[in-house]
Amino acid sequence: MAKRVLILNGPNLNLLGTREKSVYGSKSFAEIEATCKKTCADLGFVCDFRQSNHEGELVDWIQSARKTADAVIINPAAYSHTSVAIHDALRTLEMPIIEVHLSNIHQREAFRHHSYVSTVATGVICGLGAKGYTLAIQALADE
Ligand code: CA2
């Protein structure tokens, strides 16, 4: 059966490509979605790509993943640095979890250096821009 990959994106990522291009790159959120869907299709994966500005909605989607996904790729955005709820939801999953950040959070403000998601992630990719999503999908091919 085809691997089902749930790709979750946190708050404000829908604004990509409109401002802060020097930090997050010039690709729009729709372009990143299209690239993720194509990369998944090329590998024979089913891709479910979502974005929410709401912590509880992200928690609901992570809970649903227990029955509907085989792997999760997540850019929790600002919730990386604040959300015990997302950490707790992710730690219930028994599947690969890859955390992605467009920017190198360790080169930025101190409050971005810690992620509550990293300790429950199988792997973390940061600082490689939109390519990080592609690399995360490709990493799942070996799982
Ligand atoms: O580097 C990343 O991918 C981040 O997860 C992006 C988050 C930030 O809070 C994390 O520390 C690192 C912010 C996403 C906001 O994206 C915007 C895009 C365009 C304009 C404004 C915000």
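A polar contact is a pair of N or O atoms within 3.5 Å; within protein, one must be able to donate a hydrogen and the other to accept it, and residues adjacent in sequence count only if both atoms are side-chain atoms. The model is predicted, so local features need pLDDT of at least 70 and side-chain atom pairs pLDDT 80 or more, while totals for chains, interfaces and linings use all residues. Residues are numbered from 1 along each chain as its sequence is written, and side-chain values use heavy atoms, without hydrogens or water.

An oxygen atom of the ligand lies 2.7 Å from a side-chain N or O atom of H81. For the side chain of S103, the corresponding distance from a ligand oxygen is 2.5 Å. Taken alone, the ligand exposes 510 Å² (Shrake-Rupley method, 1.4 Å probe). The protein buries 94% of that area. A polar backbone atom of A78 is 3.4 Å from a ligand oxygen.

A pocket is an open set of points on a 1 Å grid over the protein atoms alone, where a 1.4 Å probe fits, with protein on both sides within 12 Å along at least five of seven lines. The space in the largest pocket is about 390 Å³. Its lining comprises 18 residues (an atom within 4 Å of a point). P11, N12, L13, Y24 and A77 lie nearest the centre.

N12 has a positive phi, near 75 degrees.

Conventions
Grid points are joined across faces, edges and corners, and a volume is the space filled by probe spheres set on the points.
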